[in-house]
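Me: I am new to this structure and would like to learn how to read its features. Please take me through them one at a time.

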Amino acid sequence: MRAARLIKMVLLLQSRPAMTAAELARELEVSERTVTRDAQALSEAGVPVYAERGRVGGYRLVGGYRTRLTGLARGEAEALFLSGVPGALREMGLEDAASAARLKVSAALLPSLRDASRTAAQRFHLDAPSWFREPETPELLPAVADAVWDDRRVAARYQRGEEEVVRELEPYGLVLKAGVWYLCARVAGTSDGPFRVYRVDRFTAVEAGGERFGRDEDFDLPAFWAERAEQFARSILRAEVVVRLSPRGVRELPRAVDAPTAREALEGAGAADADGWVKVTLPVESEEVAQAQLRGLGPEVEVLSPAPLRERFARDARRLAELYGGDGSAGGAAPR
């Protein structure tokens, strides 16, 4: 523990011109007294740590000293590629590895480039979760992440509906989508079997075994996820509605429903009528979902079929007319 702290202290001093005892104590999560003892230990070991007293004093390395302890470990190098997503790193339990990797890189850079991490952080930040929801880190995510990084099979219990399923899995990769973590895995022993997707927050138990699995080198996580996401989006579209859209409704449709679905529907639309309205057949999840989505288009859409959905919109239109059709005074007719 102390050896790792001493190495980190040297790397910190190598990456900056000087640091006060308070700054070092904060970075190393120790007391200033411990910093003083560590600096003395480094000096006795031959590392030229020099302490300057006074208001602008602090600790520094003398004579351009540079440690050779800047080689990245595998875990640190892998974590470094994810350093733009600090929240995800923290949730997977990789924050310390990423911090060590950034520190080693900073120590190896030329002095003129040592502010690169700060300037990059000022210019780019990824906030993965969607709006209006409190992200929750699955309790078992760190255990799953460890197995993914180490290519270890896991014995897992997974909540699927009302039943709990037991599986031995080969965990290939993790995906963070709109604040929700997913595991892409293959059932152990099915080297030619399909890859499946599991929500990490539905795991009730995960235990990594001692056995590593041989990865399918042809597996492409981004490509697999893109294909599976498209399949999922299409699989839930089990109904169709026929609508007329005004020119403005055509422009607004991709913001009211799934954008790729809207584009495909508009590409198959017929010619516009004399007023610029077009007739579109739109795949939807259900009539209820279609009503909620299309309601946002207001008078720029007319539902033609199915008849029950058209009646829903007609009923809404009558209620709106009752609310807004009077003299504008508060307390219009009560909705029915």
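Me: How are two packed helices described, and at what angle do the axes of helix 12 and helix 13 cross?

Reply: Two packed helices are described by the angle between their axes and the distance between the axes. Here, in a predicted model, the axes of helix 12 (residues 287-294) and helix 13 (residues 307-324) come within 10 Å and cross at roughly 40°. That makes helix 12 oblique to helix 13. Angles under 35 degrees count as roughly parallel, over 145 as roughly antiparallel, 65 to 115 as roughly perpendicular and the rest as oblique. Axes are lines fitted to C-alpha atoms, for helices over the stretch in contact, and angles run from 0 to 180 degrees between N-to-C directions. Helices (H or I, at least four residues) and strands (E, at least two) are DSSP runs, numbered from the N terminus.

Me: Which residues of helix 12 and helix 13 meet?

Reply: Contact means heavy atoms within 4.5 Å. From helix 12, Glu287, Glu288, Ala290, Gln291 and Leu294 meet Pro308, Leu309, Arg312, Phe313 and Asp316 of helix 13.

Me: Which residues of helix 8 are buried?

Reply: Buried means under 20% relative accessible area, exposed over 50%, partly exposed in between (1.4 Å probe, protein chains only). In helix 8 (residues 141-150), the buried residues are Leu141, Val144, Ala145, Ala147 and Val148. They cover an arc of only 160° around the axis, so they are on the same side of helix 8. The arc is that of the directions from the helix axis to the C-beta atoms. After helix 8 comes Asp151, with a positive phi near 55°.

Me: What about helix 11: which of its residues are buried?

Reply: In helix 11 (residues 259-267) they are Thr261, Ala262 and Ala265. They cover an arc of only 100° around the axis, which puts them on the same side of helix 11. Helix 10 (247-256) and strand 9 (278-284) are among what covers these buried residues.

Me: Is Asp38 buried or exposed?

Reply: Asp38, in helix 3 (residues 32-44), counts as buried because its relative accessibility is 1%. Leaving aside neighbours within four places in sequence, Asp38 is in contact with Arg2, Arg5, Leu6 and Met9.

Me: How many helices and strands does the chain have?

Reply: The chain has 13 helices and ten strands. Of its 336 residues, 32% count as buried.

How values were computed
Residues are numbered from 1 along each chain as its sequence is written. This is a predicted model: local features need pLDDT of at least 70, side-chain atom pairs count only at pLDDT 80 or more; totals for chains, interfaces and linings use all residues. Side-chain values use heavy atoms; hydrogens and water are left out.
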